[in-house]
Amino acid sequence: MGTGTGRKIEPGVVDARDAQRALRRINDYLSHTAQSEADVKVRLETGAADEALVLPRPVAEMFASMLAALANGQGVQIMPVDAVLTTQQAADMLNVSRPYLIGLLEDGEIPYTLVGRHRRIRFADLRQYLREDDAKRKDSAVDLMELDQELGLL
């Protein structure tokens, strides 16, 4: 695996039954050792009885989250927090067109830097924009519900 901006597993690439089986096993282990902060030793199915992969507990918990999504037929993506994205990568993550994203950048909605003539967006800034956008949507939904109640439409 390289050190690029992220790794993605598309929906359906991993068999959901295999992901469910692995999820059950890792969740059982994590629940039995819930009070422990110790690293997790994973026995590999390679035939070597004394060979174990040691994972920090937070990594094993992250694997459990990823396996849960895969078991539900969803894709997953791992992205380093300090990753820097191209405008196309950022637009893909927001599920918007690149021109729409450029508009958000130029309006100051999302910070960016220029590398030569190319815009670059920090993943952390993109996540912050998403959090703020979600909060605005929730506030708007609450406002609409209150208006509905005032007008007796509910």
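Predicted model: local features only at pLDDT ≥ 70, side-chain atom pairs only at ≥ 80, totals over all residues.
In what order do the three strands of the open sheet lie?

**View 1. The open sheet has the strand order S5-S7-S6, with antiparallel pairing.** Look for strand S5 (84-86) and strand S6 (113-115) at the edges, where each pairs on one side only. Direction ignored, neighbouring strands of this sheet are turned by 45 degrees against each other on average.

**View 2. Here S5 meets strand S7 (residues 118-122) in an antiparallel pairing.** Three bridges hold the place of this pairing between S5 and S7.

**View 3. Two helices accompany S5 and S7.** Helix H3 (residues 87-94) lies across both strands and runs at about 90 degrees to S5. Helix H5 (residues 123-151) packs on the sheet and touches S5 and S7, its direction making about 70 degrees with that of S7.

**View 4. The largest pocket holds about 720 Å³ of space.** It is lined by 21 residues, and those closest to its centre are Ala22, Arg25, Ile26, Val42 and Leu67. Two or more lining residues come from each of helix H1 (16-32), strand S2 (40-43), strand S3 (52-55) and helix H2 (57-71).

**View 5. A second look at the lining of the largest pocket shows which residues build it.** H1 gives the largest share, with seven residues. Sorted by class, you will find 15 nonpolar and six charged residues in this lining, and no polar ones.

Key. Residues numbered from 1 in each chain as written. Heavy atoms only, no water. 1 Å grid on protein atoms, 1.4 Å probe; cavity = no way out; pocket = protein on both sides within 12 Å on 5 of 7 lines; lining within 4 Å. Points joined across faces, edges and corners; volume = space filled by probe spheres on them. Helix = DSSP H or I, 4+ residues; strand = E, 2+ residues; numbered from the N terminus. Nonpolar A, V, L, I, M, F, W, Y, C, P; charged D, E, K, R; others polar. Pairing = 2+ DSSP bridges. Axes fitted to C-alpha atoms, helices over the stretch in contact; angles between N-to-C directions. Contact = heavy atoms within 4.5 Å.
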